[in-house]
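Keep the structure in view as you read.

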Amino acid sequence: DLEIDSDGSLFVLLNRKANDGTRWWLGEYTAWNEGPKNLAFGNKAELAEALARHPDGTMAVCGHTPTLQLDDDAAAWLVRPGFPGETRIFDYHPLGKPPHKMWERARDCAFASDLLVLVGEVYGWHGDENLARNRLFVLQTPMNSPDVVWNVDPLGPVTQTGAQAVTVDAEGRLVIAGYACDDDCVPEGELRFHDAQNISTTRLSLGFFPTKQFAVQALAWSPAGYAVVATGGTTGNETAFTVRAFDTTQPAPLWTFARKDGGMLHMALALAIGQYGEVYAGGFGANNYPAVAYIGG
């Protein structure tokens with residue numbers, strides 16, 4: 001993942017292979033002709049999924065970590081300027097259930113004022129079900145407090161859900177992108193818009209995808225007042241580099257950008273929004289070449 005601050009410094013998050021396994025690394029590039037400054041390293045087998053930056057300069061690395069009980073716990077590693085790093089581990093266990101019986105995997109995170117919000121999937125036996133399934137979770141924790149609030153999807157019209165990306169609108173409300181499916185999991189992508197109490201009030205369909213890996217890739221909020229989402233191609237146009245804009249006023253996208261060449265697979269994987277609403281989308285195009293699209297928004 002990548003974050004950029006107001007002076008142009010680049011904060012880069014990687015999962016790197018080492019002699020003893022995979023470790024995440026966070027570095028800062030302050031100029032194009034200089035090497036990176038090392039900010040933080042992960043431990044063996046910790047997996048980083050996302051990077052978030054607070055206006056005070058705090059960086060949050062979000063992902064998950066294995067435990068001695070052989071499950072995964074969601075995790076956030078806070079890197080504050082001038083302070084030692086801080087590790088927070090999050091284990092979800094419903095009332096009456098023992099700890100470390102479910103797998104919590106954070107897929108993305110964002111700061112909503114002074115709350116750090118992680119979203120992802122809780123995998124395991126929910127309630128009295130006899131099958132292990134994924135359910136979407138939203139976890140909120142204050143930057144300066146160990147308090148934690150979990151919200152995990154209950155059983156609904158489908159058996160499985162998951163969050164793949166989160167962003168914050170101009171009013172501090174959450175927008176979450178993810179999927180919903182039954183046990184065979186032909187996923188339907190969806191956007192969830194939250195109200196001032198950050199309760200989900202509006203859901204919009206992003207269409208069906210062949211696998212979760214083709215669903216939501218990136219999500220960003222535009223100063224034009226809508227959410228911009230990068231996904232795999234929609235039905236009938238599955239191989240296209242696809243970016244769409246949505247708000248709560250209508251189920252159809254406000255606009256769609258789609259591009260493909262020669263029947264080969266293309267994919268939009270990353271988004272950034274400029275101060276005038278211009279959209280920068282990155283991913284890959286035909287023959288796996290890097291692709292960048294500039295969309296007026």
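Is Arg133 buried or exposed? Arg133 is buried, with a relative accessible area of 10%. Here buried means under 20% relative accessible area, exposed means over 50%, and partly exposed lies in between, using a 1.4 Å probe and protein chains only.

Before going on, a word about the model and its numbering. This is a predicted model, in which local features need pLDDT of at least 70 and side-chain atom pairs count only at pLDDT 80 or more, while totals for chains, interfaces and linings use all residues. Residues are numbered from 1 along each chain as its sequence is written, and side-chain values use heavy atoms, with hydrogens and water left out.

Now back to Arg133. Its side chain meets that of Asp183 in a salt bridge, at 2.8 Å from N to O. The pair links distant parts of the chain, 50 residues apart: Arg133 belongs to strand S11 (residues 133-142), whereas Asp183 sits in the loop between strand S14 (174-181) and strand S15 (188-194). Strands (E, at least two residues) and helices (H or I, at least four) are DSSP runs, numbered from the N terminus.

What counts as a salt bridge? The rule asks for a side-chain nitrogen of Lys or Arg within 4 Å of a carboxyl oxygen of Asp or Glu. A search of the whole structure finds 15 of them. One joins Arg23 to Asp20, with the closest N and O atoms 2.4 Å apart. Arg23 is partly exposed at 27% relative accessible area, and Asp20 is also partly exposed, at 32%. Another salt bridge brings together the side chains of Arg259 and Asp261, at 3.1 Å from N to O. Arg259 has 47% relative accessibility and counts as partly exposed, as does Asp261 with 32%. Salt bridges can also join up: Glu49, Arg107, Glu121 and Lys212 are linked in a network.

Next, find Glu46 in the loop between strand S4 (37-41) and strand S5 (47-53). The side chain of Glu46 does reach the backbone nitrogen of Asn43, at 2.8 Å. Leaving out residues up to four places away in sequence, Glu46 touches Asn15, Thr22, Trp24, His64, Thr65, Pro66 and Trp77; contact here means heavy atoms within 4.5 Å.

Finally, turn to the cysteines. A disulfide is a pair of cysteine sulfur atoms within 2.5 Å, and the count comes to 2. In one, Cys62 is joined to Cys109, with an S to S distance of 2.2 Å. This pair connects distant parts of the chain, 47 residues apart, with Cys62 in strand S6 (residues 59-66) and Cys109 in strand S9 (residues 103-112). The torsion about their S-S bond is about 90 degrees, so this disulfide is right-handed. Both Cys62 and Cys109 are buried.

Cys181 and Cys185 form a disulfide too, with their sulfur atoms 2.1 Å apart. Their link has -80 degrees about the S-S bond and is left-handed. Both Cys181 and Cys185 are buried. With the bonded cysteines numbered in sequence order, the pairing reads 1-2, 3-4.

Terms used: Polar contact = N/O pair within 3.5 Å; in protein donor to acceptor, adjacent residues only side chain to side chain.
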